[in-house]
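Please open the structure in your viewer and keep the selection tool at hand, as this tour goes from one selection to the next.

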Amino acid sequence: MESEHALDGGCFCKAVRLHITGPAMFAGHCHCTDCQKFSGGGHASAIIFATNDVHVSGETASFRYAADSGNHLTRHFCPVCGVHLYHINDAHPQMTTIPAGALDEPALFRPAFSIYGASAQAWDAPDDTLPSFAHMPPRGAIDDA
Ligand SMILES: [Zn+2]
Ligand SMILES: [Zn+2]
């Protein structure tokens with residue numbers, strides 16, 4: 001991310017707002033089939049922040065399920081307009097993943113990698129200007145965003 005400053009975001013109808021007070025830990029694209037379904041497109045463009053830096057106002061609806069890894073994820077949505085706002089993996093509760101499009105200024109998103117290229121759709125190939133991984137990257141293989 002370019003900004004050192006606090007970031008704001010939220011859903012389409014503004015019933016839920018996000019205020020982020022710390023830097024991005026990672027930012028990239030994910031082409032896994034879960035992200036295709038939840039984004040409604042070929043991939044998710046997402047940013048991971050420290051959970052302590054993410055402040056949510058307004059009630060969210062949530063959906064918890066077992067991901068590919070076997071870990072459980074909880075995805076949070078606006079119950080009014082349905083926009084997906086963030087998710088937390090039970091295995092890493094200190095990290096909160098926010099879709100780039102949920103930011104008020106999505107132009108600040110600076111993707112550093114793409115993952116799960118093995119499940120990318122032919123009509124949405126991974127960005128070949130970025131380090132790309134067929135599945136999850138090995139530990140330490142991706143730089144902080
Ligand atoms: Zn909403
Ligand atoms: Zn994914």
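Is Cys-78 buried or exposed? Select Cys-78 to begin: this residue is buried, because its relative accessible area is 2%, where buried means under 20% relative accessible area, exposed over 50% and partly exposed in between (1.4 Å probe, protein chains only). This is a predicted model, in which local features need pLDDT of at least 70 and side-chain atom pairs count only at pLDDT 80 or more, while totals for chains, interfaces and linings use all residues. Residues are numbered from 1 along each chain as its sequence is written, chains are lettered from A and ligands numbered from 1 in the order in which they are written, and side-chain values use heavy atoms, with hydrogens and water left out.

Now move to the zinc ion (ligand 2), which is coordinated by the SG atoms of Cys-30, Cys-32 and Cys-35 at 2.1 to 2.3 Å. Both Cys-32 and Cys-35 are buried.

Finally, select residues 72-77, strand β7, which is largely enclosed by the rest of the structure because five of its six residues are buried; strands (E, at least two residues) are DSSP runs, numbered from the N terminus. Within β7, His-76 stands opposite Ser-62, and the bridge partner of His-76 in β8 is Tyr-86.

Notes:
Donors = N, O, S within 2.8 Å, 3.2 Å for Na, K, Ca; no water. Helix = DSSP H or I, 4+ residues; strand = E, 2+ residues; numbered from the N terminus. Pairing = 2+ DSSP bridges.
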